[in-house]
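Dear colleague,

My notes on it follow directly after.

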Amino acid sequence: MSQILTGSRSVSKVVNTVQQREGGGFLVRRPFPTQTMLDFDPFLLLDHLGPVHYGPNEAIGAPDHPHRGFETVTYLLDGTWQHKDSKGNSGLIGPGDVQWMTAGSGVIHSEMPEDEFFKTGGLMHGFQLWVNLPKVDKMMRPRYQDIPATQIPEAVTEEGLVKVRVIAGEALGVKAVIDTRTPIFYLHYTIQPGGSIAQPVPANYNAFVYVIDGQGLAGKEERRIKESQMVAFAQDGEDIALAVTADAKAPLNVLLIAGVPLKEQVVRYGPFVMNTEAEIYQAIRDFNSGRFGEIDF
Ligand code: FE
């Protein structure tokens, strides 16, 4: 018997994050993975990088490293990154740009501050989300979707209080240009004081909101949410409700991220995420024997 859902989902969990130094010295907030939340199926990791102000020659990056079995999604708000990989791809990611990299069978890439940005310093602020691939796609050919800010679809509500950038999925009648292997929503909502949304999300999707800045109300119980919180939702309604009170001093900026859970075994070892330990050993062997290639330009 199928349940008939009405109204908005309720909040199931709120995770407060703290800014910490991760490998390489990045100042990040990492709502998951943590010891209590190993993943958020189909998502494996979310890093909120910065905002951090670098002086000249201070900015740090992630030199050559491999990935296999999942996707890395980079979304920058400030600063400029330069990426290169073992398949010969390279390019810049700037404010508002998105890079959706499907590592599949494996790439080695580097994610570094762009030369000029490194020299002058400046504000760096962005996100990296890891999206797991289903078993059938883990060894697919690597794929890049580099979408500049100007090509990320946006929509604004009639009264002008809500803006959304549609990185994946669909919102306010606008569809994303990025193609995903499994159904995913990745929406950047900016809600002005007095504004509200009810974003339809199918009941079988796992869904959360990450609050970039501002304060607001979430879910059918109108739970108070604020900066740096991850807010997970129960699968008990047909939309995700967010609102900002009319007397708020600032807009609410959130990422609304949702996806159909894969419900498959997850075995992770650093930059490799597979379904079995044997596949992890194979990834390590392939990497050590040079089968991921190298960055040679
Ligand atoms: Fe990487």
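Helix H2 is followed by Gly290, whose phi is positive, near 85°. Please bear in mind that this is a predicted model. The helix itself runs over residues 277-288 and has 12 residues. From its first C-alpha to its last, H2 reaches 17 Å, close to the 16 Å expected at 1.5 Å a residue.

Which residues of H2 are buried? They are Ile280, Ala283 and Asp286. These residues lie on the same side of H2, because they cover an arc of only 125° around the axis. On the other side of H2, Glu277, Ala278 and Asn288 are exposed.

Salt bridges that share partners join Arg68, Asp286 and Arg291 into one network.

The structure holds 10 salt bridges. Another of them is formed by the side chains of Asp47 and Arg30, at 2.6 Å from N to O. This pair links distant parts of the chain, with Asp47 in strand E4 (residues 43-54) and Arg30 in strand E3 (residues 26-32), 17 residues apart. Asp47 has a relative accessibility of 10% and therefore counts as buried.

A further salt bridge brings together the side chains of Asp179 and Arg143, at 2.9 Å from N to O. Here too, distant parts of the chain are linked: Asp179 is in the loop between strand E16 (174-175) and strand E17 (184-191), and Arg143 is in strand E12, 36 residues apart. Asp179 is partly exposed, with a relative accessible area of 40%, and Arg143 counts as partly exposed at 23%.

The side chain of Gln145 reaches the backbone oxygen of Asp179 at 2.8 Å. Gln145 is placed in strand E12 (residues 143-147) and, at 11% relative accessibility, counts as buried. Leaving aside neighbours within four places in sequence, Gln145 is in contact with Val98, Gln99, Trp100, Val177, Ile178 and Asp179.

With kind regards

Key: Residues are numbered from 1 along each chain as its sequence is written. This is a predicted model: local features need pLDDT of at least 70, side-chain atom pairs count only at pLDDT 80 or more; totals for chains, interfaces and linings use all residues. Side-chain values use heavy atoms; hydrogens and water are left out. Helices (H or I, at least four residues) and strands (E, at least two) are DSSP runs, numbered from the N terminus. The expected span of a helix is 1.5 Å times one less than its number of residues. Buried means under 20% relative accessible area, exposed over 50%, partly exposed in between (1.4 Å probe, protein chains only). The arc is that of the directions from the helix axis to the C-beta atoms. A polar contact is a pair of N or O atoms within 3.5 Å; within protein, one must be able to donate a hydrogen and the other to accept it, and residues adjacent in sequence count only if both atoms are side-chain atoms. Contact means heavy atoms within 4.5 Å. A salt bridge is a side-chain nitrogen of Lys or Arg within 4 Å of a carboxyl oxygen of Asp or Glu.
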